Amino acid sequence: MKLFVDVGNTALKWRRRGADGTVQGGAAHGRDWPRALQAPLDVGAAGFEQIWVASVAGAEADERIGALIEARTGVPPRFYYSRQEDFGVSNCYPEPRRLGVDRWVALVECWQRFGAGIIIDCGSALTIDAIDGEGRFLGGYIVPGLGMLRSALLRDTADVHVDQARPRLTLGRSTGECVHNGLLRMSVAFVTDVVVELRERLPDTCKVLVTGGDADELSSAFSFEFMHLPDLVLDGLERVAARQ
């Protein structure tokens with residue numbers, strides 16, 4: 001059995017693949033690693049052949065995660081980090097490893113499956129990355145995601161009280177609607193502007209891939225064609241592991 005773990009800034013997603021099929025899941029981790037790893041490591045008497053981890057939690061957290069996994073399973077996990085070049089993708093960062101590995105494996109998966117593309121990750125941070133027809137990572141953008149924007153607004157504005165609401169691209173008729181609709185419109189406008197610009201630089205056939213925890217909420221307001229791939233990072237990590 002093989003285990004693949006995607007450790008993001010706020011959530012941990014995992015996939016177990018064995019002879020009996022595939023099981024996967026995920027949840028917010030709160031940096032409580034023993035709790036977050038309980039479900040993916042709970043395989044009873046079955047053991048793991050390989051465990052692969054793509055983590056942006058930081059060196060200290062990676063060391064803790066690695067020690068916990070090895071203690072529970074007897075298998076030292078393999079951490080994969082961004083590289084200068086791999087799987088036909090070249091990294092434009094001067095220090096390649098500083099590129100978040102979640103973004104890197106998403107680029108690898110995009111290139112291997114579709115070629116040139118635009119990747120929109122709607123997570124705690126909203127990122128947009130582009131890869132051209134030669135497999136070159138052109139660069140990207142990182143801005144606060146919807147949850148981070150809401151938290152900042154509510155934290156720094158004492159008299160704004162916001163109830164839950166379904167955001168829409170229309171004028172709000174309550175403070176809550178104004179906040180939710182405004183943040184959605186701002187985020188969608190940013191994404192759309194970048195996609196329009198990048199499509200002028202990339203091949204006409206390039207795909208727009210959308211992933212991340214807020215993908216459903218944001219993409220429901222997109223006016224352009226896209227593919228929703230919620231497990232893009234895990235798919236990329238599994239592709240990397242399959243080569244070994």
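How much space lies in the second largest pocket? I looked it up in this predicted model: about 190 Å³.

**Second largest pocket.** I listed the lining next. It has 13 residues, and the closest to the centre are Ser55, Gly58, Asp62, Tyr81 and Arg97. By class I noted 6 nonpolar, 4 polar and 3 charged residues. Then I asked where this pocket lies relative to domain 1 (1-78) and domain 2 (83-237). Both domains give residues to the lining, so the pocket lies between them.

**Largest pocket.** I turned to the largest pocket and found about 610 Å³ of space. Its lining counts 30 residues; Gly8, Asp102, Asp121, Gly123 and Ser124 are the closest to its centre. I sorted the lining into 11 nonpolar, 11 polar and 8 charged residues. β2 (11-18), α4 (101-114), β9, α7 (215-219) and α8 (232-242) each give at least two residues. The largest share, 3 residues, comes from α8.

**Sheet.** I traced an open sheet of 5 strands, in the order β10-β9-β8-β11-β12, with mixed pairing. β10 (137-144) and β12 (227-228) each have a single partner strand, so one side of each has no neighbour in the sheet. I looked at β8 (residues 117-122) and β9 (residues 125-131) in detail. They run antiparallel and are joined by 6 bridges. Ile118 has Ala130 in β9 as its bridge partner.

**Helix on the sheet.** Last, I followed helix α6 (residues 175-201). This helix lies across β8, β9, β10 and β11 (207-211). I noted an angle of about 5° between α6 and β9.

How values were computed:
Residues are numbered from 1 along each chain as its sequence is written. This is a predicted model: local features need pLDDT of at least 70, side-chain atom pairs count only at pLDDT 80 or more; totals for chains, interfaces and linings use all residues. Side-chain values use heavy atoms; hydrogens and water are left out. Two strands pair if DSSP finds at least two bridges between them. Helices (H or I, at least four residues) and strands (E, at least two) are DSSP runs, numbered from the N terminus. Contact means heavy atoms within 4.5 Å. Axes are lines fitted to C-alpha atoms, for helices over the stretch in contact, and angles run from 0 to 180 degrees between N-to-C directions. On a 1 Å grid over the protein atoms alone, a cavity is a set of points where a 1.4 Å probe fits but cannot get out, and a pocket is an open set with protein on both sides within 12 Å along at least five of seven lines; lining residues have an atom within 4 Å of a point. Grid points are joined across faces, edges and corners, and a volume is the space filled by probe spheres set on the points. Ala, Val, Leu, Ile, Met, Phe, Trp, Tyr, Cys and Pro count as nonpolar, Asp, Glu, Lys and Arg as charged, and the others, Gly among them, as polar. Domain bounds come from an automatic or database domain assignment.
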